[in-house]
Amino acid sequence: MMTLDRAVQTVYTMWLREMIRFSRSKSRIIGALSTPLFFLVILGTGFSSAFQVRGGGTFDKSYLAPGLIGMSVLFASLMGGVSIIWDREFGFLKEILIAPVSRFFVSLGKAIGGVTTAMIQGILILIIARLIGIHYVSFWGVLAGIAVMFISGIGFIGLGIAIASKIESHEGFQMVMSFLTMPLVLLSGAFFPISNLPAWLKTLVYLNPLTYGVEALRYFLLGNSTIPVWQSIIVLVIFSMAMIALGGKLFGKMRA
């Protein structure tokens, strides 16, 4: 039976490996920041000049910030599953799977490492948004928003690990990620209010776990949201627990 010390050491070792890999990939950091920043600056400015909100006034680009932070966390978390594909291709995964440690704690360490990198990217977007003039309601709201990033990231990294555990090729994983990410982002309310959508579209939006992450971020950072924040937190916690359990189970069953 695995001891607590060995479990903690396993989680820490896998987390540290993910951190070292992330720190050495400068292009990954730049690429992860460039897309949300492009949306925030270019799309936000375009919306502000082209659209008016109901009751008069112009579009406030601060509305986009929570959605873009959620999008950044989503992309970084899901792509964390790529490390499993690379480890399989280079033979490192076989060494992990035959080691006398629990596979669940191996996957947990990878998950925590992946969500840490996702949070780093989300926090950088948070800082950049503040530097270009977007105001947040309070310091405590920002801290709560960072906690939301963690909960949301855990769920999506668990999903990424689950998918990577069933797919053997890097190309296949990329194709599945491309198929998932855009619908998740577009149906999350990141770019538009969800209160006045048609019934069929609103159903899809409310089935999307990213919606609750974006709405919780919007509440804590800007002070308002369409979905009650307690409901968003409950859904995110349930989703995260389910995905990390699924990811750990499928990772435990995979063959090197």
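Author: Before we start, one term: buried means under 20% relative accessible area, exposed means over 50%, and partly exposed is in between, using a 1.4 Å probe and protein chains only.

Reader: Ok. So is R218 buried or exposed?

Author: R218 counts as buried, because its relative accessibility is 1%. R218 lies in helix α10; helices (H or I, at least four residues) and strands (E, at least two) are DSSP runs, numbered from the N terminus.

Reader: What does the side chain of R218 make a polar contact with?

Author: The side chain of E215, at 3.2 Å. A polar contact is a pair of N or O atoms within 3.5 Å; within protein, one must be able to donate a hydrogen and the other to accept it, and residues adjacent in sequence count only if both atoms are side-chain atoms.

Reader: And which residues does R218 touch?

Author: Leaving out residues up to four places away in sequence, R218 touches Y63, P66, G67, G189, A190, G223 and N224. Contact here means heavy atoms within 4.5 Å.

Reader: Where do these values come from?

Author: This is a predicted model, where local features need pLDDT of at least 70, side-chain atom pairs count only at pLDDT 80 or more, and totals for chains, interfaces and linings use all residues. Residues are numbered from 1 along each chain as its sequence is written, and side-chain values use heavy atoms, with hydrogens and water left out.

Reader: Zooming out, how many helices and strands are there?

Author: 11 helices and zero strands. Buried residues make up 47% of the 256 residues.

Reader: How many residues of α3 are buried?

Author: 14 of the 16, so α3 is largely enclosed by the rest of the structure. From first C-alpha to last, α3 reaches 22 Å, close to the 22 Å expected at 1.5 Å a residue (the expected span is 1.5 Å times one less than the number of residues).

Reader: Switching topic: how many residues are in the largest nonpolar core?

Author: 36, and L74, L78, I84, F156, F173, F191 and F251 are those with the most contacts inside it. A nonpolar core is a set of buried Ala, Val, Leu, Ile, Met, Phe, Trp, Tyr and Cys residues joined through side-chain atoms within 4.5 Å.

Reader: Which helix gives the largest share of this core?

Author: α7, with seven residues.

Reader: And what does F251 touch?

Author: Again skipping residues up to four places away in sequence, F251 touches I84, L93, L97, R103, V106, S107, I161 and S165. There's also a second, separate core of 26 residues, with A76, I146, V148 and L236 among them.
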